Amino acid sequence: MNPKLANKRNNLLYSLSRSALPGIIFYRKSPWPRRLLAALWVFIFLPISICNGSDRKIETLNQLIQMYDPSSCKECHEEIYSQWESSHHARSIMGIFMDRYLKKGILSVKGPGEATAKNFPCFKCHFPQMEKATDKVAAEIAAVILKKDKVTMQKLNISCLVCHHDKGIIHGFPEKNVLYAPEGDEEYPEENHLRVKRSPIMKRSVMCGQCHGLGPNFEFEYPIQCATLYGSYLHAYIPSGGTRTCQDCHMKEANHTCPPNFNDKKDVSARLAKALPMEVRTLSYAPQLTPGSFVQTIIVETRIFSKAGHRIPDG
Amino acid sequence: MTATSDQGKKIFETAKIYMPQSTNSLDRSMVYGPTEKVAIIRDTSIQPFRPKEESFAIKVPGDIGKVNVEVTLTYQPRPGDIYPIHKVKREILIESY
């Protein structure tokens, strides 16, 4: 982007984000064409406002999607973006049978309008952005899931800002206008790039443990037990002398595909074969367990060893 | 694990399932799915650094000279959704005594 233009855009963004009702006032008073302003609001102001920690809850799904839209990150971090794009994080709502849960069982609703952030606990990890939105948005998402609107569902994901802002620190709350990264602090020369702060947790398993959890989520009306991986890591792997982190195996060299990719059967099989070496020993003989009575027998002994950092299977 | 004679007749078959098993904590029946599970009640999954060892004894009928043993390890996140992990084959000659 032209630096002058970027500068101008930036100044505009900051002046917008610092006023109490920035978009609305600007929208009403400005002589600029309203479509242009609306586009500015959706595509530029919203992604910035998330890092500004606005307390106002988002009212529409489209706004929420735009707020977390990772496409501006793609401009410079192309490789990481394409890795992320092929990861399960990029499709956190797809293929997990949420439509089934909305239709039957303890999470079922009579219609999408009944779905709220509280009674739809899957949001906690599969779309944590919901924390910033109203129940109206929850209802919109339920409608999208029930209609199997795959185009919109693909936009509901664990995008860059979820990990690099919202979940980027656990000691205190994420700061305004800051992104978190595992390495050192950095001020970017590009004025439209948010300041990057070092967050040590991003290299540690606790980062992943925020979603890849401990077991039952008791904070909901009906507790559900989705992810138990981090619990297994803490209480089985670590006590057995394990020293590696989730990132050591699932984000080697900052690989944002975060394998395994369950759509790639060959790769999953290869990873499991490496994590679970199996030995088979056989013995053919004729035991005489009661005198004079021989029974031709084959003994097959198997030994499966686990090098994984958690139980297998787990979720 | 299966064992077949050199004529192709199955003489032994068995399977072991390693998995955490949960209930909804209201009764003692095992349940599937994150919306149903509340607590793990038994866990036979493969734990880090703790080998799973099994021993199978296969009685071989007298007229068989060779047995083919096949041991497979697969991962099934859902019934029918199978990811192969290992397949080990052994050919065992039966010595008459």
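Q: In this predicted model, which residues of the largest nonpolar core touch the most other members?
A: A:Val137, A:Ile141 and A:Ile145 do, in a core of 30 residues.

Q: What makes this set of residues a nonpolar core?
A: Members must be buried and of types such as Val and Ile, joined through C-beta atoms within 7 Å. A:Val137, A:Ile141 and A:Ile145 are members, so they meet those terms.

Q: Which helices of chain A each supply at least two residues of this core?
A: They are α4 (61-67), α7 (98-103), α9 (135-146) and α11 (160-166). The largest share is from α9(A), with 6 residues.

Q: What makes A:Ile145 and A:Met153 a contact?
A: The test is a C-beta distance within 7 Å.

Q: How many residues are in the second, separate core?
A: That core has 16 residues, including A:Tyr180, A:Cys211, A:Leu229 and A:Tyr230.

Q: How many residues does each chain bring to the contact between A and B?
A: Chain B brings 44 residues and chain A brings 45. On the side of chain B that touches chain A, β6(B) gives the most, with 8 residues. The residues on that side divide into 28 nonpolar, 7 polar and 9 charged.

Q: Why are β4 of chain A and β6(B) called paired strands?
A: Pairing needs at least two bridges between the strands. Strand β4 (residues 297-304) of chain A and β6(B) have 8 bridges, in the antiparallel sense. The pair therefore qualifies. A:Ile304 stands opposite B:Lys52 in β6(B).

Q: What makes β2 and β8 of chain B edge strands?
A: The open sheet has 4 strands in the order β2-β1-β7-β8 (chain B), with antiparallel pairing. β2 (10-13) and β8 of chain B each pair on one side only. Neighbouring strands of this sheet are turned by 15 degrees against each other on average, direction ignored.

Q: How do you know that β7(B) and β8(B) pair?
A: They share 11 antiparallel bridges. At least two are needed, so the strands count as paired. Within this pair, B:Arg78 stands opposite B:Asp81 in β8(B).

Q: Which helix of chain A packs on the sheet?
A: Helix α15 (residues 265-275) of chain A does, touching β7 and β8 of chain B. Its direction makes about 55 degrees with that of β8(B).

Note on methods: Residues numbered from 1 in each chain as written. Chains lettered and ligands numbered in written order. Predicted model: local features only at pLDDT ≥ 70, side-chain atom pairs only at ≥ 80, totals over all residues. Buried ≥ 20, exposed ≤ 12 C-beta atoms within 10 Å, placed from the backbone. Contact = placed C-beta atoms within 7 Å. Nonpolar A, V, L, I, M, F, W, Y, C, P; charged D, E, K, R; others polar. Axes fitted to C-alpha atoms, helices over the stretch in contact; angles between N-to-C directions.
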